[in-house]
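Let's talk about some aromatic rings and how they get their labels. Have a look first.

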Amino acid sequence: MHIRTFTHPQRASRPGFEKPGFEKPDFEKLCPTHKNIITRFLATTWGTQHSPTKQRGRARQFVIGGLALASLQSAFALIPKAEAFTVFETPTDALLISGRIAYDYQWNRSGTSENRFGNGGTRLNVAYQHKLSNGWILTGRWEEALDPLYTTHNGDAHFNRQRFFGVTFPEYGTLTFGRQNSLLYDFVDVYTDQPYFYGDYSEMSWSGNDLNGSVMRPSSTLKYVVTKGKWTLGAMYGWSRGTLHDHKIEGNDGEPQYIQYGSKRKEFVEVGAKFKPGYDITLSAVYHYAHMKSLENNASYPSPNANAWDLGASWSPGNWYLAAVGGRSRNVVAHNAVNNHYGTYAQYTFPAVWGDGNDLLVYGLYDLRTDQRSAANKDRRVLGTAARLFHRQFIVALEHVWNKDKNSDGNHIYHHDSTVLLARYNF
């Protein structure tokens with residue numbers, strides 16, 4: 001039976017998302033190692049919540065974070081190559097578990113003066129496939145984000161990222177239902193959302209709040225994608241999710257304020273296309289429309305319906321990966337808002353620097369979102385480098401972001417730029 005990887009096709013070029021196929025691990029070696037990692041990691045991070053003073057607490061977190069990252073690196077060196085965990089497999093069925101363990105240390109977190117050790121996007125995926133006799137395949141996936149080391153001081157801070165099921169056939173495409181990536185993200189925005197920690201937050205997928213908090217992974221959706229030759233076509237439909245509470249940034253002495261108001265999503269639709277003309281080039285376009293019902297009797301928001309168009313292109317010549325996205329949205333970021341969204345990304349890979357399967361990456365991102373009705377913008381510049389080690393499963397990344405965001409009065413929102421050191425293991 002051929003086992004699909006449930007990995008986004010574009011992410012074949014994204015650092016850390018290479019999935020050549022699932023390989024059964026040696027359980028006798030793998031399981032004790034995983035237990036040893038957790039035990040050592042917990043031992044190094046225990047007691048960070050009870051430092052005697054704030055300064056000593058931060059200093060202790062810095063030391064502990066470094067020890068934890070070093071501990072992870074030495075422990076992961078012992079792990080045999082295993083792209084996923086095969087719970088069981090028969091000629092017609094397969095249950096697979098994959099995910100990643102990721103933790104980081106941030107300096108000037110979120111543009112503040114806070115330094116902190118925290119969760120860097122740990123998640124767990126469970127995927128199931130059932131192969132029918134006529135060639136159709138039933139699929140299902142559940143992806144949960146969690147913080148097993150409780151660094152947020154709010155339990156394990158788990159939340160659901162994706163949950164969907166569907167059916168696929170190579171000739172007719174894939175139909176899925178549930179909470180899943182939007183076409184805006186899968187077809188366009190993923191091109192520049194490449195850094196390991198600081199993503200392209202100006203793009204529409206991150207910015208929108210009209211689809212249950214974002215237009216990245218909306219719930220209650222039906223999505224159809226099919227590939228024919230050089231073309232990949234997609235359509236997506238979603239229905240009501242009840243009352244949503246949105247916000248709009250307003251200037252107040254240089255600090256942001258949030259005005260709360262309610263709206264109701266009645267339905268939304270997306271259509272998109274990708275074209276691969278050759279020469280490692282991919283061109284994409286998506287149109288998004290959401291029918292909203294305002295719950296506020298306010299003349300300032302006479303038409304809360306949202307619409308957007310988004311264009312993207314990527315090119316992978318040799319060891320380079322270059323990408324750009326751009327588009328315009330209305331009422332996606334907030335009611336009565338018209339925004340332009342731009343993003344560019346460049347990456348160079350030095351392959352096999354420390355032997356086969358050990359690469360060094362250097363990359364940069366520039367993303368910008370402007371408000372057509374005020375001086376507000378979201379302006380981020382990211383520069384980073386990452387080492388992909390042990391068959392590209394263990395990643396250590398160092399990234400710096402220049403925070404240039406402004407509120408509607410044109411005043412800078414953040415007082416500091418930010419830096420992060422991230423360690424991540426993909427399994």
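A charge sits over a ring if NZ of Lys or CZ of Arg is within 6 Å of the ring centre and within 35 degrees of the ring normal. This is a predicted model, where local features need pLDDT of at least 70, side-chain atom pairs count only at pLDDT 80 or more, and totals for chains, interfaces and linings use all residues. Residues are numbered from 1 along each chain as its sequence is written, and side-chain values use heavy atoms, with hydrogens and water left out.

Q: What makes Lys274 count as lying over the face of Phe187?
A: Lys274 is 5.2 Å from the ring centre of Phe187, and the distance limit is 6 Å.

Q: Why is the pair of Phe165 and Phe177 called edge-to-face?
A: Rings of Phe, Tyr and Trp (its six-membered ring) pair if their centres lie within 6.5 Å; planes under 30 degrees apart are stacked, over 60 edge-to-face, and the rest tilted. Phe165 and Phe177 have centres 5.7 Å apart and planes at 65 degrees, so edge-to-face it is.

Q: Why does Phe165 count as exposed?
A: Buried means under 20% relative accessible area, exposed over 50%, and partly exposed in between (1.4 Å probe, protein chains only). Phe165 comes in at 51%, so it's exposed. Phe177, at 32%, is partly exposed.

Q: Which residues do ring pairs link into a cluster?
A: Phe165, Phe177, Tyr237 and Trp239.
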